[in-house]
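Colleague: I would like to go through the terms used for this structure and see what stands behind each one. Please give the cut-offs as we go.

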Amino acid sequence: MIIVHGLLGRPTPQLEADADRSDWVVGGTRHLDALHVAPERRITLGALRPAIERISGLPSGTRVTIVASGDPLYFGVVRALRARGIRPAVVTAPSSIATAFAAVGLPWDDAVVVSAHGRPIGPALNLARAFPKVAVFTGGDHGIRELAAGLAGQRRWFVLAERLGEPDERVRVLDSEQAHEVEPMEPNVVLVLAAHPDDPDRDWDGTVARPQRADRSALGAVTPAAALAFARLLPEPGELLWARGPLAGDLAALAGWAGAAITLDDPPEAPDLVLTDSSSDIGDSARAVVVTGPAPDPLPEGYHWAREVVDGHQVTTGVRT
């Protein structure tokens, strides 16, 4: 039998009992120490994949307790176990994200949640540029200081929730300058907010758990060429669009509605998407490129290219192969 326990703070009596009668207990060192698990019954989590492979290879009938931080069903270990055909019993706990929002009394059904734990920080930065309420699972060099540095020039507040559930738990509300200089305790999660938690809440329609989208009618009339460029680029939340040229304004409005981050100035890092009227701006890293006006000859390699003419605009689209 395999059972997964979420843990935020002190172990529950049920977790302690399950750990005591298990053949193996899987978790981070601090969790295993808190449960006083003997070394010969430990599988210590570092990278997740080797631990799951070891669990998969155990004999049928082996009792295994897995301890995971917070809610193991939310950015947690249960998904990885199910991908290997393991169907564990689950005893959940509050997510660290939910606990961080609770600490500042802020609803989070209109928030975006993103993980930078073992993943690139770019999507988290782009989401925080595009949306007013973003929660980030941090990790390693992708923490509050890196978030504050990447969002320099944008007015943001940061909620730093450190060691949630522990005796030394601490939750602080910081401005951008403070966030850039703080020395955080590990582990932590970060909320990136466009307004201070004490400010009035934004409107939200209460229908779907996501940020409130702009009304489509507020987009106004969009030129056919900009609509075509939008359809070819298909910007998504977490991506950064760099737009230049006569179609930039219309495309920026559409991309913002779709949830992408937009810059009309030089981008802070390599953009995911490029709209330009100058072939010199194409670069070599974007997922997709739209060139309005004369296209380069020869076209850069690494893209599948197509040419169209709409509303008097020559539109050349490149999608990375």
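Modeller: Start with burial: a residue is buried under 20% relative accessible area, exposed over 50% and partly exposed in between, with a 1.4 Å probe and protein chains only. On that scale, 44% of the 321 residues of the protein chain count as buried. The model is predicted, so local features need pLDDT of at least 70 and side-chain atom pairs count only at pLDDT 80 or more, while totals for chains, interfaces and linings use all residues. Residues are numbered from 1 along each chain as its sequence is written, and side-chain values use heavy atoms, with hydrogens and water left out.

Colleague: What makes Asp33 and Arg42 a salt bridge?

Modeller: A salt bridge is a side-chain nitrogen of Lys or Arg within 4 Å of a carboxyl oxygen of Asp or Glu. The closest N and O atoms of Asp33 and Arg42 are 2.8 Å apart, so the pair meets the 4 Å limit. The count by this rule comes to 10 salt bridges. Side chains of opposite charge can pair when their charged atoms come close.

Colleague: Why is Glu162 called buried?

Modeller: Its relative accessibility is 0%, and the limit for buried is under 20%. Glu162 forms a salt bridge with Arg170, with the closest N and O atoms 2.9 Å apart. Arg170 has a relative accessible area of 31% and is therefore partly exposed. Glu162, Arg170 and Arg172 are linked in a network of salt bridges.

Colleague: Which parts of the chain does the pair Arg232 and Glu308 link?

Modeller: The two residues form a salt bridge whose closest N and O atoms are 2.6 Å apart. Arg232 sits in helix 9 (residues 224-233) and Glu308 in strand 15 (residues 303-310), 76 residues apart, so the pair links distant parts of the chain. Helices (H or I, at least four residues) and strands (E, at least two) are DSSP runs, numbered from the N terminus. The protein chain has 10 helices and 16 strands. Arg232 has a relative accessible area of 34% and Glu308 is at 25%, so each counts as partly exposed.

Colleague: Which residues of helix 9 are buried, and what covers them?

Modeller: Ala225, Ala226, Leu228, Ala229, Phe230 and Leu233 are buried in helix 9. Their cover includes strand 11 (240-243), helix 10, strand 13 (273-276), strand 14 (288-292), strand 15 and strand 16 (313-320). Contact here means heavy atoms within 4.5 Å. Just after helix 9, Leu234 takes a positive phi of about 45°. For the protein chain, among contacts between residues at least 6 apart in sequence, 57% join residues at least 24 apart.

Colleague: What makes a space a pocket, and how is its volume taken?

Modeller: On a 1 Å grid over the protein atoms alone, a cavity is a set of points where a 1.4 Å probe fits but cannot get out, whereas a pocket is an open set with protein on both sides within 12 Å along at least five of seven lines. Lining residues have an atom within 4 Å of a point. Grid points are joined across faces, edges and corners, and a volume is the space filled by probe spheres set on the points. By that rule the largest pocket holds about 1200 Å³. Its lining has 39 residues, with Ser69, Phe75, Gly76, His117 and Phe137 nearest the centre.

Colleague: How do the lining residues of the largest pocket divide by class?

Modeller: There are 18 nonpolar, 14 polar and 7 charged. Ala, Val, Leu, Ile, Met, Phe, Trp, Tyr, Cys and Pro count as nonpolar, Asp, Glu, Lys and Arg as charged, and the others, Gly among them, as polar.

Colleague: Why is the second largest pocket said to lie between two domains?

Modeller: Domain bounds come from an automatic or database domain assignment, which divides the protein chain into domain 1 (2-93), domain 2 (97-193) and domain 3 (216-320). Domain 2 and domain 3 both give residues to the lining of the second largest pocket, so the pocket lies between them. The volume of the second largest pocket is about 600 Å³. Of its 30 lining residues, Phe131, Pro132, Arg202, Pro211 and Gln212 are the closest to its centre. Helix 10 (residues 248-258) gives the largest share of that lining, 4 residues.
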